[in-house]
Structure formats: C-alpha cells, structure tokens
Amino acid sequence: MPLNLYDQQKRNIANTRVFIAGFVMLLAVLGLGADGVLYAGGASPGLPIATLGALCLGGFSAWWSLHGGDQAVLESAHARPLDPSDPRERALDNVVEEMAIAGGLPKPAVFVIPDSDPNAFATGSGPERSSIAVTRGLLERLSREELQGVVSHEMSHVRNYDVRLMTVVAALAGAILLLSDWGRRGLAFGGGGRRRDSDRGGGGVAVLFAAVWIVAVVLSPIIAQIVSLAVSRQREYLADATGAELTRNPLALASALEKIAAAVEPTPSIKQGIAHLCIEDPRGRVIEQKRGLIADLFATHPPIEDRIAKLREMAYQVTAGR
Amino acid sequence: MAIGGCLLVLVVGAICAAMWGIWRYNNLISLRNQVANGWRQIDVQLKRRHDLIPNLVSAVRGEMQFEQDTLEKVIQARNSAVAARGVADAADKEGALSQTLGRLFALAENYPNLKANENVRSLMEEVSSTENRIGFARQFYNDIATRYNTAQQVFPDSFIAQTFKFQPVELFELKDDAERAVPKVDLNIRPTP
C-alpha cells in the first residue's frame, strides 16, 4: 500500500506538469492569435506583445496563487483561526495533529468557518505550506471519529499535492477566462476595421488564423473549466482512499459523507470559486447528484453515493482480509 | 583506436555504476533516517501520555471515589511504563497502561458529572487524542519501516544494502488479543441531536 501511494504521488506531480503545460499552450494560442490579428493587416511585425503578455499573466497568476493564494481563499471563506477554549475546536486541533502524525507530515494550520452548513476544504502549496478549514456546522454535526474521517480526506489532498495542483489550475483557468474576455471585447470593438484590413491584402492565411483564434477565444474558458473540474473529480476518489488509509476506518468517512449529503442547504460563506477545494460542493447544487454526460462534465465532485459505496467496499475488504 | 573505445566504454560504465550506487545508497540512508524519526515520534507521544495521566487521575479522583482500585492501577501502570528500560519492556508496559486507561475511560461513562466538568472533559480529550496519536505514530512507523525493509531486500538494491550492512528493522506488533481489544476512547464530542 505505501509504495502504491508513493507512486500515486509521483504521478500526481507529473500530472501537474502536463496540465500546466496544456494551460500554458492555451494561453500562448490566445496570445499568438491576438498578435496574428494585430500584425495581419501588414503592420511591421515587432515583438509578439500579446503572446508575451498572455504568458506573463499566466505565470504571474500561478506564482501569486502559490505564494498568497491560500490566504486569499481563507479570507474569502471568512475563515478564522480556531479558538482553543472551545472544546469542539480543540478536538479539531487534536484530530488534525493526529492525522498529521498518521501521514508523517507537518501539521497544517487549522481554521474554522462560522457557517452552519457542514463542509471542509484544504488549501496551500504542498505539505510544507497548507491549511485545513472546516465549518462550525461540521464540528457540531459529526462525531469525533467522523471528523477524523473528514480531516483525513483533507490531509490526503495535502499529502497527494492536490492542493498545489488545484491552486495552480484554478489560477491558470482564471487567467484564460480573463484573456478570452478581453479577446471577445476586442473582437466586438475592432471587428469592422480589421475586416477591411484583410480584404485589402492580408490573404487567406490571416483570415484562417483569425477564425481559429476566434474559436479559441470562445472555447478556451469552457475547456479550462472542464479540465479543472475533471482534475478535481479525479482527486476526490483518491483522497477518500488515502484518507481511509490514514485512519484505517473507511466507514467513519462514509458516515460523515452521509451526514454532509443530508444537509442539502448551500454553504453561503464559501464562494463559487473555491468549490473544487471542498469535501463536497458548497453550492448545494442538484447537478452533483445527477449522472450523465453533462452532469459529469460540470460537477466538481463525483456523486456522493458513489463515494460512499466505494468507502463501504473498502471497509468490507479490510474486514474480509482479516 | 579499438582499445581506446573499449576503455571509454569501461570508464563511462564505471561512472554510471558508481552514480547508481550513490543514488541507491542515499535512498537507503534517507529511509533509515525517516524510520529513526518515526520511532522518536512514538516516544514523544508516549512522554505526553505519561505527563497527562497524573493530571487526569487527580482530576477524576474526587468524583470516582468508588473506583480507587482502578485509579491506583492506572498510576502504577504509568509509573512502571516511565521506569521501563529497553524496547521490548517498554512495549509491554505501555500495552498494560493502555489497558488500564481503557478501563478507566469505560468506567467514567457511568459518571455523568465527570463529563459536565470542563477540566475533566478537556483532560479526557487530551488523553484520548494522545492515545490516538500513539496509535497513528506506530502505524506510520510500521509503514515507513516496511518501506525501508523492502528497499533493502529488492534486487539489485540488496547488493548495496549488504555491502554497507543495512539491517532490517523490527515492526511494531500488538502482543496479545486483550491489547487488540482496547476500545477507541471517544467521550467528549457527541453530535448535537
């Protein structure tokens, strides 16, 4: 089992590079297209300003997200440091410490979100810099053992470098969204003048190039969104499994998930932008519980019954193996 | 010319072999240090338990007047665990201490006043968390020790391990069924209905 997990982590780090390369390429396409349109009219080709600008924007937002993004996420969720005089919050602190020991990791910073809906998330840039935040509602509804299950799931996101991957992916997706927005505005604003340019002698290549670019501008935010959601979903099963490996008690997490699923109200403190970080979608949307292609593409999490079923299966295997 | 080529191949081969050896050797060293660190983590948590128990016992003593016998046993087990010498002896004594503690926690269930007491509740949370930490520290030690032992045995790393006399380490095992049956203590936090 440990070897397996070790390989899994390595693969995760390698995957991070592939995803980032893909997103950088998407950024470059957006920038190149803008350069192509700018220079197609016969203006003297100087530096590809738009391409460089797009790559810098992506690089900067990724860098910023790794060096301060966790603070921004915590602030946007109204997370506060825990209060050691409250018994439940002290128990949470102890549970996090226990799970850090089980994973052989430094203890993450612990935060509490004053919200009555049960939910939790982890953020940071890796085991050396990570935070775990849970809502007050979670603390009040779960038993200590179930809380341990949830914390083990979040600790697994830290241990498997999911927090880093999701932070960078979210930042790059944001940059792509911003650029394509600018691109669309540019098209609407300068569309007429540019058409005249290409009529005059820009040639078929420029027109084709512009067409490809327009398609890229329109599609890239959707692609970025679908890719980052797919990454998030794929990580959830792994975090459930590695979490169960930390506690050796998959049933506790399963029953915690049942309680979280039963509380259907949305978590208003948690903004849409960090839904993919949470243990369960905070928007309380119906889409998470549906199946089918569209639901699968746009959900941040796999259907919760599937996750519970898999955890129960694990518990069965553990007891049968004894 | 041919001799020069052969020499070149030999030299390059030797350098590659040496680099591979260094890499695998360093891997074993890193695992050995992680194992040592895992072991120390267990000790840290055991120390924490030894420090907490006298506080817990004196906090519940007033309320649990009819359980003096159990309280005495806890204190005795704690003192002999502190005095234990050697790994095997310590493991025995700590196991006995876990058992008496489990009994104390089970009995405490019968005293609702105890759970209403802020100080006792917080001490019980600390002690039960420490029990969990000891368990998880042992679990982590076993995981990392297994990886270390496997790394010494797999081919061809076994050559490096034998040459530099790496020794497999012992895993932590529970001695008897009674110890296995120690209930996980969970007293403080109940979900609000």
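Chain B of this predicted model has seven helices and zero strands, where helices (H or I, at least four residues) and strands (E, at least two) are DSSP runs numbered from the N terminus. Along the sequence, the pattern of chain B reads α-α-α-α-α-α-α. Residues are numbered from 1 along each chain as its sequence is written, and chains are lettered from A and ligands numbered from 1 in the order in which they are written. As this is a predicted model, local features need pLDDT of at least 70 and side-chain atom pairs count only at pLDDT 80 or more, while totals for chains, interfaces and linings use all residues.

The model scores ipTM 0.79 and pTM 0.79. Mean pLDDT (the predictor's confidence in each residue, from 0 to 100) is 84 for chain B, with 89% of its residues at 70 or more. Over residues 177–193 of chain B, pLDDT stays under 50, and the model has 38 contacts beyond four places in sequence for this stretch. Two residues are in contact if their C-beta atoms, placed from the backbone, lie within 7 Å.

Of the 193 residues in chain B, 28% are buried. A residue is buried if 20 or more other C-beta atoms lie within 10 Å of its own, exposed if 12 or fewer, and partly exposed in between, with C-beta atoms placed from the backbone. Among contacts in chain B between residues at least 6 apart in sequence, 78% join residues at least 24 apart.

H1(B) and H5(B) pack with their axes 8 Å apart, at an angle of about 160 degrees. Axes are lines fitted to C-alpha atoms, for helices over the stretch in contact, and angles run from 0 to 180 degrees between N-to-C directions. H1(B) and H5(B) are therefore roughly antiparallel to each other, a term for angles over 145 degrees.

The contact between the chains takes 18 residues from chain A and 22 residues from chain B. On the side of chain B that touches chain A, helix H1 (2–61) and helix H5 (118–153) each supply at least two residues. The largest share of that side, 14 residues, comes from H5(B).

The table gives the residue classes of two contact regions. Ala, Val, Leu, Ile, Met, Phe, Trp, Tyr, Cys and Pro count as nonpolar, Asp, Glu, Lys and Arg as charged, and the others, Gly among them, as polar.

| Region | Nonpolar | Polar | Charged |
|---|---|---|---|
| Side of chain B that touches chain A | six nonpolar residues | nine polar residues | seven charged residues |
| Contact of H1(B) with H5(B) | 22 nonpolar residues | nine polar residues | seven charged residues |

In chain A, A:Ile132 lies in strand E4 (residues 129–135).

Terms used
Angles under 35 degrees count as roughly parallel, over 145 as roughly antiparallel, 65 to 115 as roughly perpendicular and the rest as oblique.
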